[in-house]
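Me: I would like a close look at one part of the structure shown below. Please treat it in a single connected account.
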Amino acid sequence: LPALAETREERLAVAKDYVELALSGFDMAAVIETMYQPILQQVAAGGQSLSEDQVGQIRQLYLDTFTEPMFTLMRQQSDIMADIMTLAEITALRDFYATPEGKSVMAKLPQLTAAQQPGIIE
């Protein structure tokens with residue numbers, strides 16, 4: 001019943017606040033770097049080595065290719081959140097990520113992704 005008493009517009013407004021807050025301290029470059037690391041590992045496992053310049057070119061290619069689309073994708077979370085979460089849930093998330101602990105958690109998410117990457121690839 002509480003979800004019925006609130007509007008999608010209310011949920012969407014708070015969800016947009018949450019997403020922008022979450023993205024303000026988010027290290028997208030670190031996330032993108034986790035995307036090409038398996039490729040570098042695969043090349044090394046095949047007995048080939050890449051120069052620092054080649055690795056830099058790969059990094060730049062990934063950053064140029066994925067930075068804006070990833071930010072766009074993440075900003076679209078607000079619509080999904082407004083459809084599946086209650087106003088109270090979205091508000092709690094937003095309020096948590098505004099705290100020092102929440103900001104610290106958000107900053108550590110790329111490290112979590114990197115640590116899980118080998119298992120995902122496997």
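Is the crossing of helix 2 and helix 5 left-handed or right-handed?

Reply: The crossing of helix 2 and helix 5 is right-handed, meaning that the near helix is turned clockwise from the far one by less than a right angle. The model is predicted, so local features need pLDDT of at least 70 and side-chain atom pairs pLDDT 80 or more, while totals for chains, interfaces and linings use all residues. Residues are numbered from 1 along each chain as its sequence is written, and side-chain values use heavy atoms, without hydrogens and water.

Helices are DSSP runs of H or I with at least four residues, numbered from the N terminus. The axes of helix 2 and helix 5 lie 8 Å apart, at an angle of about 135° (lines fitted to C-alpha atoms over the stretch in contact; angles from 0 to 180 degrees between N-to-C directions). Helix 2 contributes Arg8, Arg11, Leu12, Ala15, Lys16, Tyr18 and Val19 to the contact, and helix 5 contributes Gln77, Ser78, Asp79, Met81, Ala82 and Asp83 (heavy atoms within 4.5 Å).

Within helix 5 (residues 77–84), Ser78, Met81 and Ala82 are buried (under 20% relative accessible area, exposed being over 50% and partly exposed in between, with a 1.4 Å probe and protein chains only). The buried residues fall within an arc of 100° seen down the axis, so they line one face of helix 5 (directions from the axis to the C-beta atoms). Ile80, Asp83 and Ile84 are exposed on the other side. The buried residues pack against helix 2 (8–24), helix 4 (52–75) and helix 6 (87–97). Serine 78 has 4% relative accessibility; beyond its neighbours within four places in sequence, serine 78 touches Leu12, Ala15, Lys16 and Val19.

Key: Helix = DSSP H or I, 4+ residues; strand = E, 2+ residues; numbered from the N terminus.
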